[in-house]
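Biologist: I would like to go through some of the labels used for this model and ask what each one rests on.

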Amino acid sequence: MEIKIQGLRCEYLNNPLGIDSPRPRLSWQLVSERANVAQSAYQIRVVHNEAEIWNTGKCLSDQSIHVPYDGPPLKSRQRCTWQVRIWDEQDRETAWSDLASWEMGLLDPADWQARWIEPEGEIDKEHFQPAPYLRHHFVLADRPVQSARIYATAHGVYELSLNGSVVGDQILAPGWTSYQHRLQYQVYDVTEQLHSDENAIGVILGDGWWRGEVGPESMRNVYGEKLGFLLQLVVTFADGEEQMVVTDKSWQTADGPIRQSDMREGETYDAGLEMIGWDTPGFDDSGWIPVREAPFPFDNLIAESAPPIRRKERLSPVEIMTTRTGQKVVDFGQNISGRVRFTLQGQAGQTVTLRHQEALEKDGTFHIEEGKKAPIMNIGLPLQMVQYTFKGGQPESYEPKFTTFGFRYALVEGYDGELRPQDFTAIAIYSDMAETGSFTCSNKKINQLHSNILWGQKGNFMDIPTDCPTRERAGWTGDAQVFARTGSTLMDTAAFFAKWLGDVAADQDQSGQVPGMVPSFYRAAGKSHLIFSGTDGSAGWGDAAIMIPWTLYQVFGDSRVLEVQYESMSAWFDYVNKRVQKINWHRWLNPTLWLNPAKRQRYRNLWDTKFHFGEWLEPGETMPAMLLGIMGSFVFSRPSVASAYYKHVCDLMAETAAVLGKEEESGRFRALSAAVKHAYAEELIGPDGVIKPDKQASYVRALYFDLVPADLRNNMVERLVRMIRENDTHLGTGFLSTGFLCQVLTDEGHLDLAYELLLQDTTPSWLYAIAKGATTIWESWETVLPDGSRGIGSHNHYSKGAIGEWLYRVVAGIEIGAPGYKEIIIRPRPGGGLTHAAATIQSMYGPIRSAWHIENNRFSLEVTIPPNTSAEIFLPDESGPQRVGSGSHHFTCSLS
């Protein structure tokens, strides 16, 4: 059968505009109904201005992902089209693929002819200010237009329009990065939006992350006190001539109807101040005032490299209710990060208010407690409020522009009219990553768990991986690393994480320390906080700098992310290694340390210093206990946690160095790993296999990170199993180890217990939240208490959703055999009374599917393997592996 080539991508993107990689990588997929299809060679040709600039010829290689461009150096704004053909396993040539393209951005700061502009006006550091509106009128030369590109970015966030129409469909650009080091610009094709004569550009600026509230303490003006904008429009005519329109002091500004916009607090809009046609050529702007030029550099500007933030799912209300206290509440049935679009009619000057929350109180009422601060941590709860003032006369529709909320419920205040379901739409907002994982099974609660995990990711992957979409909204590194494998299975996170890792590297200090939250607004503001910045460099959190690049390499076969991040990875490792050499002061109170040089050396292979969060939020942990634990860690550290992660990153650095051809460094890391394992066994594991603290997490971590001596392994596994049983078959892990728990039990021969934990529905468990009506993953196992009252933590915190990895790897049985799923292992392990399960992962090579069902004690398995890959199939009867190529395959075995 014919082989088709499709899915051509450049740097993970479809026909990208404005990339700045000097050697863009090209990937494609093969599609065929024939089995055992493999690529034996490929040929790529690249064209610029109808001239071929690179032709690989026939390359004898099976590589079909991440092939780097290797032609002449690429120039700013250069547009390239490309296509590929391949030869199959029998050396038969295919037809050329359809054409794809990429376009370079502005590669040199000197390419920017525009100037940064800022609205004139007084700076008010204490209060929110109206959103500035900017406009510029220009006349286009009377010639046929070949192409037109806008290059734009902002200090703040922006919405751009041309001749009265919004440009593009992404929102909240330029996103959030470590602005002082890296500020993304966007590129738009506006060829079809230009008029032949008079034209007008309009821009609205919002505070965004630049000067709006960020982080747990609701800090403001972190990156600057004034908003700014930068734009360069390049029009290329059919004769090759160009016209450029840039931001400069000729632009004008005015306030408009957006009286306040903040990412956390919300938006205030007065429709009576609307300026009809303000972004069109004929608008009378005589009342507007000039902007000022601002002397900002261009050397921190980078092309946007990750999927932009977009409006995604639209949700209609499932109920509009009146609470016992008379509150009017709209229930959208799903906890999301986003905002509400509504259509209502009111009198001129009347104001309607929408407040947003994730959950109702035990009695079904909508509780308002914004402004409350947590002790010591000083975490403030944002308003999450929209206020809209009607202009009157007709039904009016409104959707906020520069804010998002974490919510399922919206409280409507100040409106006496009828609230109809058709008048409200909740809009989910997140980075536009493709969904790559799907899972279903015979247990509806597990299916809901999978849905909750996915929605938790959608609610928090908005340009950075936040912890929650309500309170802190910060890029906590620990949360990201524990969820990276699950998240990269559910969605195509490759470009998303690669962009964020650039900020991780940018925000490392000279010592290599990684902040607890990235981007680090504390470092940008030059401020500190006892907990939120004093805890930077914690094990399990800072280790994201090493663990996430390795995960991306495994899932996407991307070795360049290791190359790009290796300096950052090494800097973090060196930071850890220097602290490992020190011994915590309280150890010196033990005379044996003075008298035993070998013991001293072992402690110099353990991370026994500095603050560490530790396991974090284990079941039953209260706020006072958390705070005491934090204080104690500053004094006594957490050596069992920190040293385990030290050993693990030794292993990952050894693997990374080997992939990059750094064999000598790889050997050094392996030797360090062995020394850490020996020291851990001698000093932190008792002769009976007991670890202090004697908790489930300690054993899970030691087993998963291969820290356990062979002669103690059975004892420690049995100790873990006994602790689970003694806890009435409930888990006892927190942030760091929950994702490993079921995998460890599976690997150690306790698959049935892993399933029992998965299916447990009383607290603490995954399904307890399902029983309480959760539609996302909770931060704490007790976010809602058994009596229905509030516990601690947010209702949308994806970390504990790391169990999703186990659903794919074990229940469905899809495992990585070689990086990027070039080789696949299919090994489903049924249990827990499930009668069927199916999962699909959209890999770089194409869809991988495993679907099984059990009937009359007979196990049947349907497998789909994408072209140019191979797989080993393991059945539950423990028969030897069967190796297969691409295509659909069917297997059966008896379970008796």
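Modeller: One cut-off to begin with: two strands count as paired if DSSP finds at least two bridges between them. The model is a predicted one. In it, four strands form an open sheet in the order S35-S36-S40-S41, with mixed pairing.

Biologist: What makes S35 and S41 the edge strands?

Modeller: Strand S35 (814–818) and strand S41 (882–884) each pair on one side only. Neighbouring strands of this sheet are turned by 25° against each other on average, direction ignored.

Biologist: How do you know that S36 and S40 pair?

Modeller: Strand S36 (residues 823–826) and strand S40 (residues 870–873) share four bridges in the parallel sense. The cut-off is at least two, so the two strands count as a pair. Ile 826 stands opposite Ile 873 in S40.

Biologist: What is known of the crossing of H7 and H11?

Modeller: The axes of helix H7 (residues 560–580) and helix H11 (residues 639–659) come within 11 Å and cross at roughly 145°. The crossing is left-handed. Among the contact residues are Tyr 566 and Phe 573 of H7, and Tyr 646 and Met 653 of H11. They are counted because contact means heavy atoms within 4.5 Å.

Biologist: How do the residues of that contact divide by class?

Modeller: Into twelve nonpolar, three polar and no charged.

Notes
Residues numbered from 1 in each chain as written. Predicted model: local features only at pLDDT ≥ 70, side-chain atom pairs only at ≥ 80, totals over all residues. Heavy atoms only, no water. Axes fitted to C-alpha atoms, helices over the stretch in contact; angles between N-to-C directions. Left-handed = near helix turned anticlockwise from the far one by under 90°. Nonpolar A, V, L, I, M, F, W, Y, C, P; charged D, E, K, R; others polar.
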